[in-house]
Amino acid sequence: MNRAGLLAACTAMLRRDLTLAWRRRGDIAMPVLYALIVTMLFPFALGPEDTLLQRIAGGVVLVTVLLAMLLALDAMFSSDIEDGSLEQLVMAPQPLALMLGMKILAHWITTALPLIVIAPLMAAMLHLPGAVIPVLLLALLLATPLLSLLGAVLVALTAGTRRSGMLLALMLLPLCVPAVIFAAGAVAAAQQGLPWLAPISWLAAALVLAVVLAPLACAAALRIALDA
Amino acid sequence: MTAANPTVSLLEARALSFLRQDEPVFAPLDFQLHAGELALVEGDNGSGKTTLLRILAGLLHVGEGELHWRGEPLQRDTCAGEILFLGHQLGLKADLSPRENLQIAAGLHGCRDGVSVTAVLAEIGLRGYEDEPVRRLSAGQKKRAALARLLLLPATLWLLDEPYANLDRIGIALVNDLLEKHTDAGGAALVTSHGTMSFHGGEPRRIRMHD
C-alpha cells in the first residue's frame with residue numbers, strides 16, 4: 001500500500017485547482033478586465049490632468065486590484081462544497097489546513113497574479129512615475145496574498161449560509177482597510193521620496209501572521225460548515 | 001497497518017444518536033462491525049441513514065452515545081485514511097476527467113499496491129471514457145467513476161450511501177462483486193440501500209433505523 005506523502009498531496013491539490021481554473025479561463029479574465037476598465041475610466045471622469053492623476057494613481061490601482069480580487073473570492077470553496085469534494089478532502093489522511101493553504105495559493109495564483117502582472121500598465125495609464133512602480137508591485141505582492149488569506153477565512157465562515165456575498169463584503173471591509181492603508185502609504189511615501197520600508201514591513205508582518213493562522217481558521221470553519 | 005485482532009470489533013456504536021435542534025434524528029443505535037463483515041442500513045426516507053453514515057465518516061459530531069474504532073474512542077487521527085465515504089454528492093470535479101479525478105484522490109489518500117488508474121477505470125466499466133470530462137458522462141457513469149475510488153484507494157471500512165442508485169444491472173452486480181472482494185480481504189462495509197441486494201456470501205447483517 002502506498003501512503004500518500006505530504007508533498008504528493010500538496011502537488012495534487014495545487015495541480016487540481018490550477019487545472020480547474022485553466023479549464024475555465026474566462027473566469028480568470030473577468031477580474032483583469034474589470035480592473036482595466038475601472039482604471040481606464042478614471043482619466044475620463046477626472047480629466048487628463050497629470051498632477052491630479054499622479055496623486056491618486058497609487059491608491060486607485062491598489063483599491064481596484066483589491067476590489068477585482070473580491071469578485072472571485074466567494075467562489076473559493078462553494079463548488080467544492082456543492083459537489084462533495086470538500087467531504088473527500090476533509091476525510092483524506094492529510095492535514096486539512098495545509099491542503100486549504102494550497103487551495104488559497106492556487107486561488108492567489110489564478111486571481112491576484114494576473115492583476116499584479118497588469119498593475120504596471122494600470123499605473124502607467126494614470127501617469128504614476130516609473131520609479132514608484134517597483135514599490136507599488138512590492139506592496140501588491142504583500143497585500144494581495146494577505147487579502148486572499150483573510151478572504152478565505154471569511155468565505156469559510158460564511159460557507160454554510162446562502163447568499164453569503166453581501167455578508168462577505170461587509171465582513172471583509174474592516175479587515176482589508178489596514179492592508180489598503182499600509183500599501184497606499186508605502187506608495188505615497190515612495191512618490192514623495194520618503195522612506196517606504198516601514199509600511200511594507202507592517203504588510204509583511206501581517207502576511208506572515210495570516211499565512212500561519214488563516215489556513216487553520218479555514219479548516220476549523222469548514223469542518224463546522226460540514227457538521228450541519 | 002495494525003494487526004487485525006479478531007476479538008476487537010472494527011467499529012462499535014453504543015447508544016449512538018444524533019440531535020438536530022434538540023430532536024433526535026434516530027433512536028439510539030447499538031451495533032458492532034467486525035473485519036470481513038458487511039452491514040446493510042435499512043430505514044425509510046428521512047430515518048437518518050445518511051446522517052448515520054456521515055457521523056461514522058467523522059463529518060458530523062457524535063450527538064449522544066459512543067463510537068469506538070478498533071476498541072478506542074473514534075477520533076479523527078486514529079482512523080485517518082482507513083474510512084472511505086461515498087455519499088450522494090460524488091466528490092467528482094465536473095470539469096476534470098475520471099482519470100484526473102482519480103489521480104487527485106490517489107494523491108491525497110495514497111493508492112493500493114499494484115493498481116493503476118487506467119486498470120481501475122477499465123475494471124469499473126469506463127474504458128474509453130477515461131479522458132472525457134465528468135460533466136459529459138451519464139449519471140450511471142459518474143457513479144461508476146466515484147466507485148472507482150473504492151478500487152484505487154486503501155481503506156478498511158467503506159461507508160456507501162446508496163451505491164446502487166443510477167446503476168444498471170451490470171453495475172449493481174459490479175458493486176456486489178466489489179463488496180464481496182473487500183470483505184473477503186478483511187475489509188468491512190456499511191451500505192444503505194432502498195433496493196434489494198443479492199449478496200453472494202449469504203445474508204448481510206442488518207441495522208434497522210427507527211425514528
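In this predicted model, helix 4 (residues 139-152) and helix 5 (residues 169-184) of chain B have axes that come within 12 Å and cross at roughly 10°. Angles under 35 degrees count as roughly parallel, so helix 4 of chain B and helix 5 of chain B are roughly parallel to each other.

**The helix pair in chain B**

- Helix 4 of chain B brings Gly140(B), Arg144(B), Leu147(B), Leu150(B) and Leu151(B) to the contact, while helix 5 of chain B brings Gly171(B), Val175(B) and Leu178(B).
- Sorted by class, this contact between helix 4 and helix 5 of chain B has 5 nonpolar, 2 polar and 1 charged residues.
- Two packed helices are described by the angle between their axes and the distance between the axes.

**Where chain A meets chain B**

- Between the two chains, 26 residues of chain A are in contact with 29 residues of chain B.
- On the side of chain A that touches chain B, helix 1 (6-23) and helix 5 (85-91) of chain A each supply at least two residues.
- Helix 1 of chain A gives the largest share of that side, 8 residues.
- By class, the side of chain A that touches chain B has 12 nonpolar, 7 polar and 7 charged residues.

**A closer look at Arg55(A)**

- You can find Arg55(A) in helix 3 (residues 50-73) of chain A.
- Arg55(A) and Leu126(A) are 71 residues apart in sequence, and their C-alpha atoms are 9.1 Å apart in space.

Methods
Residues numbered from 1 in each chain as written. Chains lettered and ligands numbered in written order. Predicted model: local features only at pLDDT ≥ 70, side-chain atom pairs only at ≥ 80, totals over all residues. Contact = placed C-beta atoms within 7 Å. Helix = DSSP H or I, 4+ residues; strand = E, 2+ residues; numbered from the N terminus. Nonpolar A, V, L, I, M, F, W, Y, C, P; charged D, E, K, R; others polar. Axes fitted to C-alpha atoms, helices over the stretch in contact; angles between N-to-C directions. Parallel < 35°, antiparallel > 145°, perpendicular 65-115°, else oblique.
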